[in-house]
Amino acid sequence: MVPPANFAMVDAHVYRCGRPSKTNIPFLESLNLKSIVYLSDAVDLPCNIQFAEQHGVKYFHFRVKENKEPFQQIDQKVLAQSLVEVVDIRNHPMLIYSDRGKHRIGCLVGCLRKLQKWSMASIFDEYQRFSGSKIYIADQEVVKTYFFFNSFYLELR
């Protein structure tokens with residue numbers, strides 16, 4: 001069994017990674033997932049969609065573009081919607097992934113860590129471990145300025 005790139009446990013029953021491929025399907029089966037959150041503006045691989053359908057896994061595709069300074073920013077509303085799904089334990093065990101499992105997932109996990117009352121230094125350290133040498137200051141700004149009322153407001157709508 002081969003785990004996807006950048007695979008790691010985020011929290012009990014929440015996992016992160018880069019976009020899985022056909023090679024990773026046996027590994028995904030071992031996780032007994034209830035749901036998947038895919039953050040990307042790209043179309044997912046057919047094998048991942050088929051995996052979700054064949055195993056009764058809820059599949060959430062949030063169309064999110066990467067932060068690209070100075071003109072492209074992650075949509076805060078979509079980030080809030082995805083965070084609502086991540087914190088809903090009815091969706092666990094859950095796999096969250098983006099194309100490479102670095103920047104968009106780093107923003108989502110960073111916002112989750114902020115909700116969990118982690119220090120900003122610890123949040124950014126974790127972000128850097130997964131993003132490697134390509135650190136986007138704009139991603140860190142998203143996490144730093146994220147307000148959780150966005151998520152809870154969406155719950156009320």
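**Close-up views of the predicted model**

Arg129 is exposed, at a relative accessible area of 56%. Exposed means over 50% relative accessible area, buried under 20%, and partly exposed in between (1.4 Å probe, protein chains only). This is a predicted model, in which local features need pLDDT of at least 70, side-chain atom pairs count only at pLDDT 80 or more, and totals for chains, interfaces and linings use all residues. Residues are numbered from 1 along each chain as its sequence is written, and side-chain values use heavy atoms, leaving out hydrogens and water.

**View 1**
The side chains of Asp125 and Arg129 form a salt bridge, 3.6 Å from N to O. A salt bridge here is a side-chain nitrogen of Lys or Arg within 4 Å of a carboxyl oxygen of Asp or Glu. Both residues sit in helix α5 (residues 120-131). They are four residues apart, about one turn of the helix. Helices (H or I, at least four residues) and strands (E, at least two) are DSSP runs, numbered from the N terminus. Asp125 is partly exposed, with a relative accessible area of 41%.

**View 1**
One of its pairs is Asp99 with Arg104, at 3.1 Å from N to O. Arg104 is buried, with a relative accessible area of 6%. By the salt-bridge rule, the count comes to six.

**View 2. The Arg90 and Asp88 pair.**
Arg90 and Asp88 meet through their side chains in a salt bridge of 2.7 Å, N to O. Asp88 counts as buried, at 17%.

**View 3. The largest nonpolar core.**
This core has 18 residues. Those with the most contacts inside it are Val10, Val37, Leu39, Phe62, Val86, Ile96 and Leu108. At least two core residues each come from β3 (35-39), β4 (58-62), α3 (76-87), β5 (94-98) and α4 (103-115). Helix α4 gives the largest share, five residues. A second, separate core of 14 residues includes Cys17, Phe51, Val57 and Leu95. A nonpolar core is a set of buried Ala, Val, Leu, Ile, Met, Phe, Trp, Tyr and Cys residues joined through side-chain atoms within 4.5 Å. In soluble globular proteins, nonpolar side chains tend to be buried together.

**View 4. Around Val86.**
Which residues touch Val86, leaving aside its neighbours within four places in sequence? Val86 is in contact with Val14, His92, Met94, Ile96, Leu108 and Leu112. Contact means heavy atoms within 4.5 Å.

**View 5. Helix α3 against helix α4.**
The two helices pack at about 60 degrees, with their axes 10 Å apart. α3 is therefore oblique to α4. Angles under 35 degrees count as roughly parallel, over 145 as roughly antiparallel, 65 to 115 as roughly perpendicular and the rest as oblique. Axes are lines fitted to C-alpha atoms, for helices over the stretch in contact, with angles from 0 to 180 degrees between N-to-C directions. The crossing of α3 and α4 is right-handed. A crossing is right-handed if the near helix is turned clockwise from the far one by less than a right angle, and left-handed if anticlockwise. From α3, Leu79, Ser82, Leu83, Val86 and Val87 meet Cys107, Leu108, Cys111, Leu112 and Leu115 of α4.

**View 6. Helix α4 against helix α5.**
The axes of α4 and α5 come within 10 Å and cross at roughly 160 degrees. The two helices are therefore roughly antiparallel. This crossing, too, is listed by its hand: α4 passes α5 in a right-handed crossing.

**View 7. Around Ser131.**
Ser131 lies in helix α5. Ser131 counts as buried, at 1% relative accessibility. Leaving aside neighbours within four places in sequence, Ser131 is in contact with Lys102 and His103. Ser131 and Arg104 are 27 residues apart in sequence and 9.9 Å apart in space, C-alpha to C-alpha.

**View 8. The whole protein.**
The protein has seven helices and five strands. Along the sequence, they follow the pattern β-β-α-β-α-β-α-β-α-α-α-α. Of the 157 residues, 49% count as buried. Among contacts between residues at least 6 apart in sequence, 65% join residues at least 24 apart.
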